[in-house]
Structures are given as C-alpha cells and as structure tokens.
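The structure comes first, then the account.

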Amino acid sequence: MHKKIYLSAPHMSGREQHYISEAFHSNWIAPLGPLVNTFEEKLAERVGAKGAAAVSSGTAAIHLALRLLDVKAGDTVFCPSFTFVATANPILYEKAVPVFIDSEPDTWNMSPKALERALEEAKRNGNPPKAVIAVNLYGQSAKMDDIVSLCDSYGVPVIEDAAESLGAVYKGKQSGTFGRFGIYSFNGNKIITTSGGGMLVSDDEAAIEKARFLASQARDPAVHYQHSEIGHNYRLSNILAGVGIAQLEVLDERVEKRREIFARYEKALGSIDGVCFMPEYSEGVSNRWLTALTLDNGLTPYDVVQHLAEEQIEARPLWKPLHTQPLFASSAFYSHTDSESVCDNLFRRGICLPSGTNMTEEDQDRVIDVLLHLFQTTEVKRWTASIQ
Ligand SMILES: *Cc1c(COP(=O)(O)O)cnc(C)c1O
C-alpha cells in the first residue's frame with residue numbers, strides 16, 4: 001500500500017522546538033508573552049505593515065476587522081462568492097448581511113466590474129456596504145489596486161483576506177497590506193502554520209491596539225474586572241507564537257518550493273488537451289499555495305478526486321461558491337457575466353492537487369503518473385456523485 005499524499009500537510013522547519021522550549025523555560029504558557037510580541041513584530045516587518053495582532057485563527061482576525069469597522073446587525077458587507085466559508089461566517093456572527101461578488105478570469109478573484117455594479121446599486125438604494133472583503137485565493141492576489149481605489153471612491157473600507165496568500169506579491173507590495181486591514185491564517189494546511197492561528201495587520205496602530213483589547217475580553221483599565229463592550233477570547237498562545245516565529249524564518253523557501261511544485265505539474269500536464277492551469281496575473285507573483293487547474297476533457301472534478309483518492313492521493317474540488325451554499329440561500333449575488341458566472345464555471349471544472357512543501361519529487365511523480373494515465377484513458381469510469 002502506498003503512503004498517503006495529503007493536499008497540504010504541515011511542514012516544520014526544525015527550529016520550532018527551540019522556541020517552544022524557550023516558552024517552557026520561561027513559563028510563558030499563556031495567550032500572551034514575549035514570543036507573541038516577537039511574532040507580531042517579525043510578521044509586521046516581513047509584510048511591511050505598521051502593526052500586527054496575533055490571534056487564534058484567521059477567522060478571528062476577520063471577525064475583529066469587522067468589529068473595528070463597526071459592522072452591526074443589518075449592515076451590508078460585500079464579499080467574494082468564490083472563497084472558503086471562513087471569509088463570510090464572521091459577517092453572520094455580527095448578524096450583518098453578506099452580498100456576494102463574482103470572480104474575474106485573470107486572477108479568479110473578486111471582479112472589479114461586478115463590484116462596481118454592486119457599489120453603484122447600493123449607493124442608488126441608499127444602502128452602501130459597511131465594508132468590502134477581498135480574498136486572494138490559492139496564493140494569488142486579487143486586483144487589489146482596482147478594488148481599493150473603487151472602494152475609496154465610494155468611501156468603503158477594504159479588508160484583505162490574505163489567509164492563502166502570505167508571501168505573495170502584487171505590484172511590488174506584499175499581499176495582505178492593501179486594505180485598511182489584512183488578515184493571515186496559520187491553520188495547519190496553510191503555507192506556514194502554528195497548527196492554528198492568525199494575524200490581523202494594519203497601518204492603523206490604534207486599531208491594532210483596539211483589536212488586542214477586543215481579543216482579550218475587552219477588559220477596561222481598572223483594578224477590578226470592568227467591561228463596557230463585548231469582547232472575545234481570540235489571543236494566540238505564546239507556545240504557538242514560537243512555532244510561528246520558526247515558520248516565518250522559512251517563508252521564502254516555502255514560497256519558492258510551492259512555485260516549483262506548480263511548475264512541475266504544469267510541465268507534465270499543461271499541454272494535455274482540456275487541461276488548463278490557474279493563470280498567474282502579470283502584475284503579481286503568486287505563492288502558489290495550492291496548484292489549481294480546470295478540466296475540459298469530459299472528466300468532472302468528482303471523477304478526478306475520487307480516482308486519486310483510490311490511489312491514496314488527496315485532491316479537492318475548488319471552493320464551492322458561497323452564493324450557492326444552503327447557508328447563504330437568501331443572499332444577493334453580482335455576476336461578472338450575463339451567462340454562467342465565473343465562479344460557478346470554475347467550481348464546475350476545477351480541482352486542487354497535492355501541493356505540500358514536504359512532498360518529495362517521487363510523491364509528485366506518483367500524482368502526475370496517475371493523472372496522465374487517467375487523462376489518456378478514453379474509457380473513463382463515471383462517478384455519479386451529484387453536485388450538492
Ligand atoms: C483558511 C482560510 C481562512 C480561515 O483561516 P482559519 O485560520 O482557518 O480560521 C479564511 N479565509 C480563507 C480564504 C482561508 O483559506
């Protein structure tokens with residue numbers, strides 16, 4: 001039996017234990033401490049942000065950004081449809097109303113054209129969004145300058161969900177630093193990991209200080225326990241911050257390796273009829289977090305995912321658009337096109353391949369061989385899994 005190849009397994013550098021020992025020796029076993037401070041400083045320096053607050057997850061960072069922008073019940077927040085549910089769930093935490101925006105073909109991310117239509121209509125109706133969340137999927141930046149300048153002209157702040165794009169660059173600037181707030185995730189499957197964790201970044205240092213306050217139960221300055229607003233328990237553990245410091249030291253290597261993995265897949269499979277790899281937009285450098293591709297060869301994503309699973313290889317369909325999820329059945333959606341929306345089309349045809357940086361070349365060749373064989377076999381076994 002082959003060993004299992006995962007989609008994106010954690011990849012330790014070897015230095016993590018050093019910082020974890022430091023936490024144990026100093027007995028800083030708390031959701032604050034010197035390693036948390038160091039991790040925040042180093043991350044802020046790495047991406048070029050003035051401030052950073054380390055938190056327990058990327059989802060928590062998005063929630064705090066919404067709180068800082070005063071998003072309240074009944075407010076509207078615009079968000080891409082083509083993303084992981086964690087981008088939109090915090091909108092629901094505040095009982096605000098998500099409005100979904102389609103993707104565009106160059107980057108697969110939020111369409112500035114559909115966004116403009118949504119902003120114009122909202123303005124006409126006297127109901128502008130309180131915030132716009134942009135997302136950089138699979139490591140590629142959205143057209144952030146177009147999105148930010150559009151939102152600026154409507155006076156709407158932007159939150160950049162860079163959970164998947166740490167280390168990527170757009171127009172010479174680090175991904176995650178374009179909006180009023182940026183967020184990163186250090187979940188186990190991301191390009192670097194603290195097993196679970198996240199970061200909120202901004203040039204607004206007062207807002208970052210407020211985020212730390214909200215993330216630690218919003219305790220007012222008083223000797224006794226005094227509280228005037230709702231707080232959360234969202235701070236990152238000092239032990240996990242140690243893991244994060246060691247991971248950040250190898251971020252550049254990890255980006256390089258992910259890009260190599262993508263290039264090897266593309267070289268082996270890219271010239272096959274009906275196979276099309278995720279484009280890289282000319283203005284940016286993707287971190288290629290996951291190798292994503294679309295199929296036009298009669299195979300559905302389910303055929304391929306199922307076939308790979310039988311060979312102990314984990315692959316996934318692309319994100320299912322949120323406007324088609326039961327959870328968001330009543331939400332509005334603005335399409336980029338008059339026909340099938342870009343995100344629905346991508347979901348119908350796309351898959352992600354194993355892209356973890358601790359994969360060996362032999363592992364990757366195994367994936368490539370299985371796919372070559374599948375793509376070249378005419379008699380394809382059909383799977384009846386339905387799209388729900
Ligand atoms: C992983 C991810 C998140 C959430 O991060 P967690 O740390 O798992 O909470 C948010 N948005 C996107 C696009 C993600 O991929």
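## Ligand site and voids

A polar side-chain atom of glutamate 164 lies 2.6 Å from an oxygen atom of the ligand. The protein buries 93% of the 380 Å² that the ligand exposes when taken alone. Accessible areas come from the Shrake-Rupley method with a 1.4 Å probe; for residues, only the protein chains shown count as cover.

This is a predicted model: local features need pLDDT of at least 70, side-chain atom pairs count only at pLDDT 80 or more, and totals for chains, interfaces and linings use all residues. Residues are numbered from 1 along each chain as its sequence is written, and side-chain values use heavy atoms, with hydrogens and water left out.

| Residue | Ligand atom | Distance |
|---|---|---|
| Threonine 59 | oxygen | 2.5 Å |
| Aspartate 161 | nitrogen | 2.8 Å |
| Glutamate 164 | oxygen | 2.6 Å |

The ligand is surrounded by 15 residues. Gly58, Thr59, Glu164, Ser185 and Lys190 are the closest. A residue is near if one of its heavy atoms lies within 4 Å. By class, this shell holds four nonpolar, eight polar and three charged residues. Ala, Val, Leu, Ile, Met, Phe, Trp, Tyr, Cys and Pro count as nonpolar, Asp, Glu, Lys and Arg as charged, and the others, Gly among them, as polar.

The ligand takes up the space of the largest pocket. A pocket is an open set of points on a 1 Å grid over the protein atoms alone, with protein on both sides within 12 Å along at least five of seven lines; lining residues have an atom within 4 Å of a point. A molecule sits in a pocket if more than half of its atoms lie within 2 Å of its grid points.

The volume of the largest pocket is about 500 Å³. Its lining counts 36 residues, with Phe84, Glu164, Asn189, Lys190 and Trp319 closest to the centre. Helix 3 (58-68) gives the most, three residues. Strand 8 (181-185) and strand 13 (316-317) each supply at least two. The lining has 17 nonpolar, 13 polar and six charged residues.

A cavity is a set of points where a 1.4 Å probe fits but cannot get out. There are two cavities of 30 Å³ or more. The largest cavity has a volume of about 40 Å³. Strand 6 (169-170) and strand 11 (284-285) each supply at least two lining residues. By class, the lining of the largest cavity has five nonpolar, five polar and no charged residues.

Note on methods. Polar contact = N/O pair within 3.5 Å; in protein donor to acceptor, adjacent residues only side chain to side chain. Points joined across faces, edges and corners; volume = space filled by probe spheres on them. Helix = DSSP H or I, 4+ residues; strand = E, 2+ residues; numbered from the N terminus.
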